[in-house]
Amino acid sequence: YGVGPFLQAGIAYILKGAAENDRLRSDTYKRLNLAVFQFGLISLLAFIKMKSNPILTISSIIAMINSIKGYGYGLKGWELTPTSAKEDLLKGISSNLSCMTKIPNIKSAGYWAATVAMVSMTVAKAYEVLNILISSSGDSFLLGTRLFRLAKYKLFSVIMFTLKDAADRGRLEGTTFVELNLMAAVSYALWAVYAMQDSVQTMPYAASMGLISLFTAFNGLSSILMKDSKK
């Protein structure tokens with residue numbers, strides 16, 4: 001369960017830097033702000049259902065507030081110029097769908113596969129949550145755990161898609177994408193270790209997470225080396 005908050009904290013750090021450098025208008029940072037908001041919202045529901053420590057609930061609320069403010073400043077600017085959020089969201093959805101139909105290079109293909117895998121897991125988990133909700137004997141704690149996993153899968157999906165978009169544009173050497181790659185590498189490695197301890201049946205699953213960890217680690221480290229070589 002620690003992987004989700006780790007990613008959330010990492011993205012919050014990236015967004016802090018984007019705000020300081022007045023880059024929140026970029027589609028990348030608007031997407032990440034929305035991802036943190038969604039993670040905070042779903043996590044909030046999960047913590048309520050699991051009757052977790054109030055500190056976790058409060059942290060989710062703070063994440064939601066900060067991320068929606070970040071998206072708002074990215075959309076409207078510091079001057080809060082009147083702009084349609086609906087149009088921006090629809091434009092973003094259209095752009096994202098178009099991006100997933102293109103695979104211009106090998107790295108893009110790897111991120112495309114990882115994105116598809118995470119989106120598939122997100123849909124499957126959402127279906128599981130729905131089944132628990134419509135069940136007359138739905139377990140509140142079980143629902144909370146599944147909601148938290150749903151939040152985590154969705155956050156992973158956005159990170160993989162963001163890296164896919166960066167690979168398409170040849171921007172993986174950017175600091176934001178290096179940090180996302182390294183965060184993903186650590187998170188997937190921890191996920192793989194956890195899955196290996198579960199049962200023999202989860203070994204293929206753990207191996208897949210391990211491969212994504214190696215892929216993102218390689219891309220993050222190689223981007224650092226390439227960036228240094230240009231100095």
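Which residue lies over the face of Trp 191? In this predicted model, that position is taken by Lys 152, which is placed at 4.6 Å from the ring centre.

A pair of aromatic rings is described by the distance of the centres and the angle of the planes. The count of aromatic pairs in the structure comes to 8. For Tyr 188 and Trp 191, the ring centres are 5.9 Å apart and the planes stand at 10°, so the pair is stacked. Both residues belong to helix α7 (residues 175–196), where, being 3 residues apart, Tyr 188 and Trp 191 are separated by about one helical turn. Tyr 188 counts as buried, with a relative accessibility of 0%, and Trp 191 likewise counts as buried, with a value of 4%. The two rings are also part of one aromatic cluster, which is formed by Tyr 153, Phe 156, Tyr 188, Trp 191 and Tyr 205.

When residues up to four places away in sequence are not counted, Tyr 188 touches Met 118, Phe 156, Met 160, Met 209, Ile 212 and Ser 213.

Side chains of opposite charge can pair when their charged atoms come close. The structure holds 8 salt bridges, among them one between the side chains of Lys 16 and Glu 20, with a distance of 2.7 Å from N to O. Glu 20 is exposed, its relative accessible area being 57%.

Another salt bridge joins Arg 31 to Asp 165, with the closest N and O atoms 3.9 Å apart. Because Arg 31 lies in helix α2 (residues 27–50) and Asp 165 in helix α6 (residues 140–168), this pair ties together parts that are 134 residues apart in sequence. Arg 31 is buried, with a relative accessible area of 14%, and Asp 165 is buried with a relative accessible area of 14%.

A salt bridge is also formed by Arg 146 and Glu 128, for which the closest N and O atoms are 2.7 Å apart. Arg 146 is located in helix α6 and Glu 128 in helix α5 (residues 106–134), so that distant parts of the chain, 18 residues apart, are linked by the pair. Whereas Arg 146 is buried, with a relative accessible area of 16%, Glu 128 counts as partly exposed at 26% relative accessibility. Elsewhere, salt bridges that share partners join Asp 27, Lys 30 and Asp 88 into one network.

A further residue examined is Thr 57, which is found in helix α3 (residues 54–76). Thr 57 is buried, with a relative accessible area of 18%, and, leaving aside neighbours within four places in sequence, Thr 57 is in contact with Leu 44 and Phe 47.

Conventions:
Residues are numbered from 1 along each chain as its sequence is written. This is a predicted model: local features need pLDDT of at least 70, side-chain atom pairs count only at pLDDT 80 or more; totals for chains, interfaces and linings use all residues. Side-chain values use heavy atoms; hydrogens and water are left out. A salt bridge is a side-chain nitrogen of Lys or Arg within 4 Å of a carboxyl oxygen of Asp or Glu. Buried means under 20% relative accessible area, exposed over 50%, partly exposed in between (1.4 Å probe, protein chains only). Helices (H or I, at least four residues) and strands (E, at least two) are DSSP runs, numbered from the N terminus. Rings of Phe, Tyr and Trp (its six-membered ring) pair if their centres lie within 6.5 Å; planes under 30 degrees apart count as stacked, over 60 as edge-to-face and the rest as tilted. A charge sits over a ring if NZ of Lys or CZ of Arg is within 6 Å of the ring centre and within 35 degrees of the ring normal. Contact means heavy atoms within 4.5 Å.
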